[in-house]
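Please examine the sequence and the three-dimensional structure shown here. The briefing that follows is arranged by topic.

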Amino acid sequence: MVNRLYRPKLTTRPSTQINDLRRSGNCNNGLDRDIAAMKKVWKMLLEGSTRWLGEVGRQY
């Protein structure tokens with residue numbers, strides 16, 4: 001079930017965010033880039049699971 005009213009909280013376009021990460025000096029090598037990407041993935045999973053639990057709780 002998809003909530004079509006949900007709008008992600010993006011301040012900039014994803015492509016811009018990716019390019020900013022590539023240009024930043026924080027990611028010196030592949031490992032740093034992978035760790036930064038995994039942090040973003042975990043953040044998205046946390047937000048999605050919290051939203052999913054809220055939807056389940058709302059239904060019951």
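The expected span of a helix is 1.5 Å times one less than its number of residues. Helices (H or I, at least four residues) and strands (E, at least two) are DSSP runs, numbered from the N terminus. This is a predicted model, in which local features need pLDDT of at least 70 and side-chain atom pairs count only at pLDDT 80 or more, while totals for chains, interfaces and linings use all residues. Residues are numbered from 1 along each chain as its sequence is written, and side-chain values use heavy atoms, with hydrogens and water left out.

**Overall composition**
- The protein chain contains 2 helices and 0 strands.
- Of its 60 residues, 2% are buried; buried means under 20% relative accessible area, exposed over 50%, and partly exposed in between (1.4 Å probe, protein chains only).
- The chain has an accessible surface of about 5,900 Å², and carbon and sulfur atoms account for 59% of that area. Accessible areas come from the Shrake-Rupley method with a 1.4 Å probe; for residues, only the protein chains shown count as cover.

**Helix α2**
- Helix α2 has 30 residues, and the distance from its first C-alpha to its last is 43 Å, close to the 44 Å expected at 1.5 Å a residue.
- The N-terminal end of α2 is capped by Asn29, which has a side-chain oxygen 3.1 Å from the backbone nitrogen of Leu31.

**Salt bridge**
- A search of the whole structure gives 1 salt bridge, defined as a side-chain nitrogen of Lys or Arg within 4 Å of a carboxyl oxygen of Asp or Glu.
- The side chains of Glu55 and Arg58 form a salt bridge, at 2.8 Å from N to O.
- Both residues lie in helix α2, 3 residues apart, about one turn of the helix.
- An α-helix has 3.6 residues a turn, so residues three or four places apart point the same way.
- Glu55 is partly exposed, at 23% relative accessibility, whereas Arg58 is exposed, at 58%.

**Nonpolar surface patch**
- Met38, Val41, Trp42, Met44 and Leu45 form a nonpolar patch on the surface, with about 530 Å² of accessible area together.
- Patches are made of residues with over 30% relative accessible area and no salt bridge; like charges are joined within 9 Å, and nonpolar side chains (Val, Leu, Ile, Met, Phe, Trp, Tyr) within 5 Å.
- Met44 lies in helix α2 (residues 30-59) and is exposed, with a relative accessible area of 54%.

Key. A polar contact is a pair of N or O atoms within 3.5 Å; within protein, one must be able to donate a hydrogen and the other to accept it, and residues adjacent in sequence count only if both atoms are side-chain atoms.
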